[in-house]
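Good morning. Please have the sequence and the view open.

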Amino acid sequence: MARRLRFIGTNSGNSGCPTLYEDLDSGEVLVQGDVVTDPDDIAHLRNVMDGEGFVIVPRVLLADFAPKEAEKAPVVISFDEFETMFVTCEHNAWRLESRRRYASDEETDTYRRFITGEDPAWDLDDPWCVTRREQTSLGKRFERVRIVDNPPTVGQRYLLDNARRNNAVGEDIRNLWRSDAERLRLPADDFWLFDSRVIAYLHFDDEDQLTEVELITDPVEVSRACQVRDAAWHHAVPYDTFADQMPSAG
């Protein structure tokens, strides 16, 4: 069905191009302008999908006529789409882990072995580990800061042991006491920051199960996440050094 378009404005006189239109049903903005066809120009664009096109418009057109406010609906992606971000990211992925437990950990054989005092027997050849090694071999960085309570929860102790596996496949895991995180005014959030430009915010329910992944690209929010990353990373301690600081489980 054809879109119902409303003319927003143009600064091109009587030539009719470039121009902005608004979709009356979806609120999306349609841009009319000169088509970019030079392969060298298109080669500089990111993540070009089949069927996508590009037009050139003067900056003043957007400044004068583009909507200044928008109702932002959350952008939620599937877990499969989330997993692909670790392959499609260009240079780094950084995570803040602040929860006291993750229900998904407790469903694993490694967790069950850990809480009974056995070696978790990490499998460094499982698909997750293979993919991480492949991506780090391309020069990509995967880093995490894990917030730990004092005394640590069982789940936090498990993740400290888990860091041995992550480190072995190329991740850099660091830890920070919760008291230090609070002093630094770090948020009590869980998120991944990809390439310093997009946040994958992790939502959990009351049972500590991951329920959805929300993408955030707002430059203000991304800048804030970068500041959180820089502060946390500066003060966090490598996992093996941190392990020596941990009080005994008894």
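Is V29 buried or partly exposed? Before I answer, note that this is a predicted model. V29 has a relative accessible area of 37%. Buried would mean under 20%, and exposed would mean over 50%, so V29 counts as partly exposed. To find V29 on your screen, go to strand 3, which covers residues 29-32. V29 also belongs to a nonpolar patch on the surface, together with V31, V35 and V55. The accessible area of these four residues together is about 280 Å².

Find A121 in the loop that runs between helix 4 (109-115) and helix 5 (127-137). A121 is partly exposed because its relative accessible area is 45%. In sequence, A121 and Y111 are ten residues apart, and their C-alpha atoms are 10.0 Å apart in space.

Now the inside. How many residues does the largest nonpolar core have? The number is 19, and F82, F86, W192 and F194 have the most contacts inside this core. At least two residues each come from helix 3 (79-88), helix 6 (154-168), strand 10 (191-194) and strand 11 (198-204). Strand 11 contributes the most, with four residues.

If we set aside neighbours within four places in sequence, F194 is in contact with F82, M85, F86, C89, N92, A93 and A200.

That leaves the charges. Side chains of opposite charge can pair when their charged atoms come close. In this structure there are 22 salt bridges. I will show three of them.

Start with R144, in strand 8, which spans residues 141-148. Its side chain meets that of E97 in a salt bridge, at 2.8 Å from N to O. This pair links distant parts of the chain, since E97 is in strand 7 (residues 92-97) and R144 in strand 8, 47 residues apart. Are the two partners buried or exposed? R144 counts as buried because its relative accessibility is 7%. E97 is at 4%, so E97 counts as buried too. Leaving aside neighbours within four places in sequence, the contacts of R144 include R95, W128, N166, D172, W192 and W233.

The next pair is E171 and R132, whose side chains form a salt bridge at 2.7 Å, N to O. Here too distant parts of the chain are linked: E171 is in the loop between helix 6 and strand 9 (172-177), R132 is in helix 5, and they are 39 residues apart. E171 has a relative accessible area of 2%, so E171 is buried. R132, at 4% relative accessibility, is buried as well.

The last pair is E143 and R141, with a salt bridge of 3.2 Å, N to O. R141 is at 42%, so R141 counts as partly exposed.

To finish, look at how some of these residues are connected. Which residues are linked in a network of salt bridges? They are R95, E97, R132, R144, R146, E171 and D190.

Notes:
Residues numbered from 1 in each chain as written. Predicted model: local features only at pLDDT ≥ 70, side-chain atom pairs only at ≥ 80, totals over all residues. Heavy atoms only, no water. Patch = residues over 30% accessible without salt bridge, like charges linked within 9 Å, V, L, I, M, F, W, Y side chains within 5 Å. Areas by Shrake-Rupley, 256 points an atom, 1.4 Å probe, with all protein chains shown as cover. Buried < 20%, exposed > 50% of the residue type's maximum accessible area, 1.4 Å probe, protein only. Core = buried A, V, L, I, M, F, W, Y, C linked by side-chain atoms within 4.5 Å. Contact = heavy atoms within 4.5 Å.
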